[in-house]
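Me: I have a protein structure open and would like to learn how to read it. Please take me through it step by step.

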Amino acid sequence: MAELELVGITKRFGAVTVVKDLSLSIANGEFVVLVGPSGCGKSTLLRMIAGLEEITEGDLIIGGTRANDIPPQKRDISMVFQSYALFPHMTVRENISFGPEVRGEDKAETERRIRRASEILNLSEYLDRRPAQLSGGQRQRVAMGRAIVRDPKVFLFDEPLSNLDAKLRGEMRTEIKALHQKLGTTIVYVTHDQIEAMTMADRIVVMNGGRIEQVGTPLELYDRPGNRFVASFIGSPAMSFLDARLDGGAAVLSDGARLPVAPGTRADGPVTLGIRPECYRRDPEGPLALSVEVVEPTGPEIHVFGRIADAEVRVIFRDRVLPAPGEEIRLSVPVEDVHLFAPDTGERLGP
């Protein structure tokens with residue numbers, strides 16, 4: 001295992017800066033997920049850690065050693081890519097052992113590592129098969145096995161599940177998290193899928209425009225997003241936002257509805273309310289009026305699309321009362337579930 005320290009990391013491609021003065025500490029054995037929209041710089045950052053991209057400015061420290069000028073093969077890092085990149089003419093065993101054989105490592109030790117990796121990844125019965133005889137999930141496990149036999153200090157994953165269908169992605173999320181629990185190796189994982197980030201990470205790093213927006217545990221980011229961008233990105237279905245103004249301890253919407261907010265939040269004035277879909281409550285005396293437009297029963301939940309004041313919202317109910325399009329439902333929201341953001345900067349207001 002190794003600690004990673006990124007100090008003032010910047011990456012430029014010509015006149016374009018894609019990562020901007022980024023600093024981050026990753027502890028030994030930690031599972032950190034870099035998440036953000038396409039083009040935010042997360043994959044570029046991962047490639048700089050791997051040594052596949054040069055660092056324009058700043059320092060990368062791996063296990064206490066500055067690694068900027070250390071070649072990729074000497075950084076003691078293994079990387080799993082989006083593409084499986086398996087040799088189609090080789091068996092699973094040959095694919096996994098290819099790296100150690102090229103490096104001239106001891107054959108007995110390599111065989112021990114192959115057995116260990118195949119047991120961890122449930123590949124023992126597939127060692128003599130070729131990639132064409134495997135499912136997508138099994139191929140991704142072979143790619144992971146190839147990384148495991150290096151016994152690295154750090155694993156890097158670059159969107160490894162994006163080629164899999166929804167069911168396999170769910171299964172592989174569980175397998176990768178279980179792998180981390182067994183190996184205890186430091187993992188840096190890149191994805192644009194916030195569900196992957198929420199379910200797998202010890203800490204999530206939310207990136208946007210080459211910068212870090214917020215770092216925290218999944219529940220810290222979900223319960224207390226630092227700004228509107230993080231609030232909108234973390235959580236599925238996404239948080240809805242309503243324009244309002246604060247007046248005497250309540251948020252007043254455009255239709256005159258008054259929604260209580262936490263005391264001592266800030267002075268009166270314009271504000272953006274953020275409310276997660278599952279936080280609305282049916283309440284005949286509630287201050288909010290939801291005009292129902294579309295209803296989607298999912299089985300365990302009922303998703304309702306509609307409008308509150310002048311904002312489009314999604315509301316999730318867990319009862320079996322099915323509203324009808326055109327119906328108006330009165331709602332309330334617990335004070336602790338109302339997030340407040342500055343309309344101009346998007347920064348979080350209050351506790």
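Reply: Start with contact: two residues touch when heavy atoms lie within 4.5 Å. Take Arg-141. Leaving aside neighbours within four places in sequence, Arg-141 is in contact with Leu-121, Asn-122, Leu-123, Met-172 and Glu-175. This is a predicted model: local features need pLDDT of at least 70, side-chain atom pairs count only at pLDDT 80 or more, and totals for chains, interfaces and linings use all residues. Residues are numbered from 1 along each chain as its sequence is written, and side-chain values use heavy atoms, with hydrogens and water left out.

Me: Is Arg-141 buried or exposed?

Reply: Buried means under 20% relative accessible area, exposed over 50%, and partly exposed in between (1.4 Å probe, protein chains only). Arg-141 has 10% relative accessibility, so it counts as buried. For the chain of 351 residues, 49% count as buried.

Me: Which helix holds Arg-141, and how many helices and strands are in the chain?

Reply: Helices (H or I, at least four residues) and strands (E, at least two) are DSSP runs, numbered from the N terminus. Arg-141 sits in helix H4, residues 136-148. The chain has eight helices and 21 strands.

Me: How do I describe two packed helices?

Reply: Use the angle between their axes and the distance between the axes. Axes are lines fitted to C-alpha atoms, for helices over the stretch in contact, and angles run from 0 to 180 degrees between N-to-C directions. Now look at H4 and helix H5 (residues 166-183). Their axes come within 10 Å and cross at roughly 20°. That makes H4 roughly parallel to H5. The label comes from cut-offs: under 35 degrees is roughly parallel, over 145 roughly antiparallel, 65 to 115 roughly perpendicular, and the rest oblique.

Me: Which residues make the contact between H4 and H5?

Reply: From H4 come Gly-136, Gly-137, Gln-140, Arg-141, Met-144 and Ile-148. From H5 come Leu-168, Met-172, Glu-175, Ile-176, Leu-179 and Leu-183. They divide into seven nonpolar, three polar and two charged. Here Ala, Val, Leu, Ile, Met, Phe, Trp, Tyr, Cys and Pro count as nonpolar, Asp, Glu, Lys and Arg as charged, and the others, Gly among them, as polar.

Me: At what angle do H2 and H3 pack?

Reply: Helix H2 (residues 92-102) and helix H3 (residues 107-120) pack at about 135°, with axes 10 Å apart. H2 and H3 are therefore oblique to each other. Arg-93, Ile-96, Ser-97 and Pro-100 in H2 meet Thr-110, Glu-111 and Ile-114 in H3.

Me: How many residues of H1 are buried?

Reply: Seven of the nine residues of H1 (residues 42-50) are buried, so this helix is largely enclosed by the rest of the structure. Among them are Leu-45, Leu-46 and Met-48. Just after H1, Gly-51 takes a positive phi of about 90°.

Me: How do strands pair?

Reply: Strands of a sheet pair through backbone hydrogen bonds, either parallel or antiparallel. Two strands count as paired if DSSP finds at least two bridges between them. Strand S6 (residues 77-80) is joined to strand S7 (residues 154-158) by four bridges, and they run parallel. Ile-77 has Val-154 in S7 as its bridge partner. Both faces of S6 are covered: Ile-77 and Met-79 on one side, Ser-78 and Val-80 on the other, are all buried.

Me: Where is the pairing antiparallel?

Reply: Look at the open sheet of five strands, in the order S15-S19-S16-S17-S18; its pairing is antiparallel. Strands S15 (281-282) and S18 (311-317) stand at the edges with a single partner strand each, so one side of each is left without a neighbour in the sheet.
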